[in-house]
Amino acid sequence: MPLLTRRLRAALLATASATLVAAAALPAPEPLGIGDRLFPELGNPGYDVLAYDIALTYHGSNTKPLDAVTKIRARTTAPLDRINLDFARSAVRGVEVDGRPAEFGSKNEDLVVQAPRRLPAGVPVEITVRHTSDPRGSGDDGGWVRTADGLAMANQADAAHRVFPSNDHPSDKAYFTFRITAPEKLTAVAGGLPAGRTRHGATTTWTYRTEHPMATELAQVSIGTSAVVHRTGPHGLPVRDVVPAADRKKLEPWLRKTPAQLEWMERQVGRYPFEAYGVLVADSRIGFALETQTLSLFGTSFFTEPAYPEWYVDSVMVHELAHQWFGNSVSPASWSDLWLNEGHASWYEARYAEENGGPTLERRMREAYRLSDGWRADGGPPAHPDGPSPGQKLSLFRPVVYDGSALVLYALRQEIGEAAFGRLERVWVRAHRDAAATTADFTRLASRVAGRDLTAFFDGWLYGKKTPPMPGHPDWSSAKPA
């Protein structure tokens, strides 16, 4: 055996031996969580993420794992010997903490990292994870969405950690940088604003950065044969739509409506809260739309299905736009606060529909009232929803958190008057911009704006098993649940 080979063999044996010793010394990893009632193991205690830098390399096939490096800048909030990250489905190739190699293990959907030294509270820490990001197996539990020509993301509610390691809970918002390398013929986009593009032979690296903190569930990356269409919204706001290149002309009648929809929402609640907006149309038959931050996701069929009336498509576009204020800028502190997201988005969807050829708001709310007791029986009250069904995490998104929660807002407007309700909405999005807020924050603010204690009102409407009487409509009745 040549000398070089013997030395290499000895080095490899020594490395393997050291790794086995270190692994043996590493206590068994255990999943943690911040105690969210609906997702108990989601999120991680002991640190606050400040920023993510996510590099993804796409090899031209949406059936192959992407190579990825995720760098997380955080600050500890408690002494830590271990750092738990939410991460599942893909392979981990190595982890570093503050530039030093770190041992790691996995349990359930947690990646557990052994810090090279005990980290005191209140210090910065940088975690680098080299991993794959596997689009295979994505389905009803979210994560990557495979399209006809590439990929997009749909991470709500708890699926971002199936794409990249993270503190995957909306209460821990952070700034994001995305660096996406893809074959030169493809276009890569992400939330935020473009921050550079570099060609490397047959590939291109696209960089995007957010100017506002973002919840992990709202991250968006799309790779495909896409056209990027630019226009201008109110106050010079950049509006960027990303669509399948072959469908650009067909989709233009819908997409050009966005600036006017932005103006309409600004008249309701104030200035748009982010650096850009636009619509991402994926060449996929996904059965939902999603309010990913600055770039709302829709499937192509949503705009091409002839059975959908124009007012309906317009109002759903406004639903996702309204989320940029309600859910994105002001994020839920826990998943039990989901009604604040979906109730408000459904509220503005219904109001926009009324003004643009759809049913009246009162008609829609009366129908919601009729069904409300049944919705509460099936899914719990708006602010204390039942957890998702086993193996069906998207079942959390039930009617009670949509029109059932918009009905709460209708009742509140009836109770405190239109002027006070309008002030509440504007103050709410201004006071909690770029932050996470609770149901209790909303009810306290409503009482302050109304000038009286609304505790009893909200107890019934948000937590009651039965729907309270509708203020101003004593004749409204609820059907008995089946």
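Contact, as the word is used here, means heavy atoms within 4.5 Å. The structure is a predicted model, in which local features need pLDDT of at least 70, side-chain atom pairs count only at pLDDT 80 or more, and totals for chains, interfaces and linings use all residues. Residues are numbered from 1 along each chain as its sequence is written, and side-chain values use heavy atoms, with hydrogens and water left out.

The confidence of the predictor in each residue is expressed as pLDDT, on a scale from 0 to 100. The mean pLDDT of the chain is 93, and 94% of its residues reach 70 or more. Over residues 1–25, however, the pLDDT is below 50, and this stretch has four contacts in the model beyond near neighbours in sequence. Where pLDDT is low, the predicted coordinates should not be read in detail.

Helices (H or I, at least four residues) and strands (E, at least two) are DSSP runs, numbered from the N terminus. With buried defined as under 20% relative accessible area, exposed as over 50% and partly exposed as in between (1.4 Å probe, protein chains only), helix 8 is mostly covered, since twelve of its 14 residues are buried. Among these are D403, the run from L407 to R413, and I416. The buried residues pack against helix 6 (338–355), helix 7 (361–379), helix 9 (418–431), helix 10 (439–450) and helix 11 (455–463). Helix 8 is followed by G417, whose phi is positive, near 95°.

Two strands are taken to pair if DSSP finds at least two bridges between them. Eight strands form an open sheet of mixed pairing, in the order 5-4-8-2-1-11-14-13, with strand 5 (100–101) and strand 13 (193–200) as the edge strands, each pairing on one side only. Strand 13 pairs with strand 14 (residues 203–209) in the antiparallel sense over six bridges, and T198 stands opposite T205 in strand 14.

An open sheet with antiparallel pairing is formed by three strands in the order 3-7-6. Strand 3 (80–86) and strand 6 (104–107) stand at its edges with a single partner strand each, so one side of each is left without a neighbour in the sheet. Strand 3 and strand 7 (residues 110–119) pair in the antiparallel sense over six bridges, and D86 stands opposite D110 in strand 7.
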